[in-house]
Amino acid sequence: MSVTTPINPQQAIISVHEKSMQITEAFQQLSTAASWQKGTLELTCLRVVQETDDVKTFVFQSTPQTRFHFKPGQFVTLQLEIEGENVYRTYTISSSPSKPYTLELTIKKVEGGQVSGWLLENLKPGHKVKAEGPGGEFNIIDHPAKKVLFLSAGCGITPMMSMSRWLRDTVADVDIHFIHSARTSYDIIFRHELDKTAQRYDNFKLDYVLENIDGFLDAEKLQQLAPDMHDRTIFVCGPAPYMTAVEQMVADSGFDMSRYFQESFGGQLMPELDTEATAQAEGYQLTLEKSGKVATFDPGQSVLEALEQQKAPVIGACRAGVCGSCKVKISEGKVSSTSQMTLTPDEIAQGYVLSCCSTPQSDLNIDI
Ligand code: FES
């Protein structure tokens, strides 16, 4: 037998009144919230959404409340304390600035990835993290186009999702063809939303390439799926082997590569070092001028890795030559660098390098 507690009408009226006051207050706070365009923020995790077996979306709000203003496709750098150590990692924002009151990061647990594994297991609603940003040139605002082809694999879907959501929500007159590669249909992140968008919007064409059914994306499949790709601007994001293969097949097709943009995030990439230079790097001496520390480079070590080994104050957030957090000034010596992406001509002239993408070509003195 079930027992029903009678409702006290007076209490019910008060609680409805309280709720409507809360909604009004929240509305006032949000409508006067400052806009965040640059700098450090404290974010509070509001919700965690399990997207696939090894991918979660973390939904954040800032304190005080902020309207997140960024270019769709950009990233933020999280500062986390893991086992007493400060670590920094860069993650692409998967939400869109068209929904400015929350910021979403969609993170995949990377095999052996210390930070992604920690985040997926430990970051819960109510927890706070620091974020710095936004940054990144891989975005739809800096590379506008009337027709785009988004090619992504795995968690490389996050910047494409942010760009697609932005274009959809702002009713932009852009023809989008989105081709996403995943291991199986269960591994398609945001599948429900993508399918719905494709059903509802004529300017949004969607294809999946599933490894267990179709194999990997290759030149023939790309040509079949996107015969008009030469009319489009291409954005690519995914694990390193995927991006290398896609770049090769697109370049081989005679595509105008000035309309080709790629990004690599989510802890999926190791820094791309100059392999010849790396082979010669062993044994060079590293001198940290401010602390007076002296060390020797191990085989295959980047300048960033050698600095981290010496506990030097340097941040390696993306570790892929994109975010600029690992910038250091070489006072003496030569390096070979595979990226100078975020450095200005002035900084390069002064001797700054991105340490994650640099290997020594002589003994080095670093102003740190
Ligand atoms: S860590 Fe991001 S550019 Fe080096």
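**Domain 1 against domain 2**

I looked up the buried area first: domain 1 and domain 2 bury about 1,400 Å² between them, 59% of it on carbon and sulfur atoms. Buried area here is the accessible area (1.4 Å probe) that two parts lose on being put together, summed over both. Thr 52, Pro 72 and Ser 94 supply 29% of the area that domain 1 buries against domain 2, more than any other three residues.

I note that this is a predicted model, in which local features need pLDDT of at least 70 and side-chain atom pairs count only at pLDDT 80 or more, while totals for chains, interfaces and linings use all residues. Residues are numbered from 1 along each chain as its sequence is written, and side-chain values use heavy atoms, with hydrogens and water left out.

I took the bounds as domain 1 (34-135), domain 2 (147-263) and domain 3 (275-366); they come from an automatic or database domain assignment. The centres of domain 1 and domain 2, taken over C-alpha atoms, are separated by 24 Å. I found 21 residues of domain 1 in contact with 16 residues of domain 2, contact meaning heavy atoms within 4.5 Å.

I found one salt bridge between domain 1 and domain 2. The term needs a side-chain nitrogen of Lys or Arg within 4 Å of a carboxyl oxygen of Asp or Glu. I also looked up Arg 183, which forms a salt bridge with Asp 54, with the closest N and O atoms 3.4 Å apart.

On the side of domain 1 that touches domain 2, strands S2 (39-52), S3 (55-62) and S7 (103-108) each supply at least two residues. S7 gives the most to that side, with four residues. Strands (E, at least two residues) and helices (H or I, at least four) are DSSP runs, numbered from the N terminus.

I placed Thr 66 in strand S4 (residues 66-68). Thr 66 is buried, with a relative accessible area of 9%; buried means under 20% relative accessible area, exposed over 50%, and partly exposed in between (1.4 Å probe, protein chains only). The side chains of Thr 66 and Ser 62 are joined by a polar contact of 2.6 Å. A polar atom of the Thr 66 side chain also lies 3.0 Å from the backbone oxygen of Pro 64. Pro 64 sits in the loop between S3 and S4, and a cis peptide bond joins Thr 63 to Pro 64, with omega about -10°.

**Positive phi**

I checked Glu 83, a residue other than glycine with a positive phi, near 50°. Glu 83 is in the loop between strand S5 (75-82) and strand S6 (85-92), and counts as exposed at 78% relative accessibility.

**Cysteines**

I searched the whole structure for disulfides and found zero; the rule asks for a pair of cysteine sulfur atoms within 2.5 Å. The cysteine sulfur closest to that of Cys 155 is in Cys 237, 8.4 Å away, which is too far for a bond. Cys 155 is buried at 7% relative accessible area, and Cys 356 is buried at 1%.

Methods: A polar contact is a pair of N or O atoms within 3.5 Å; within protein, one must be able to donate a hydrogen and the other to accept it, and residues adjacent in sequence count only if both atoms are side-chain atoms.
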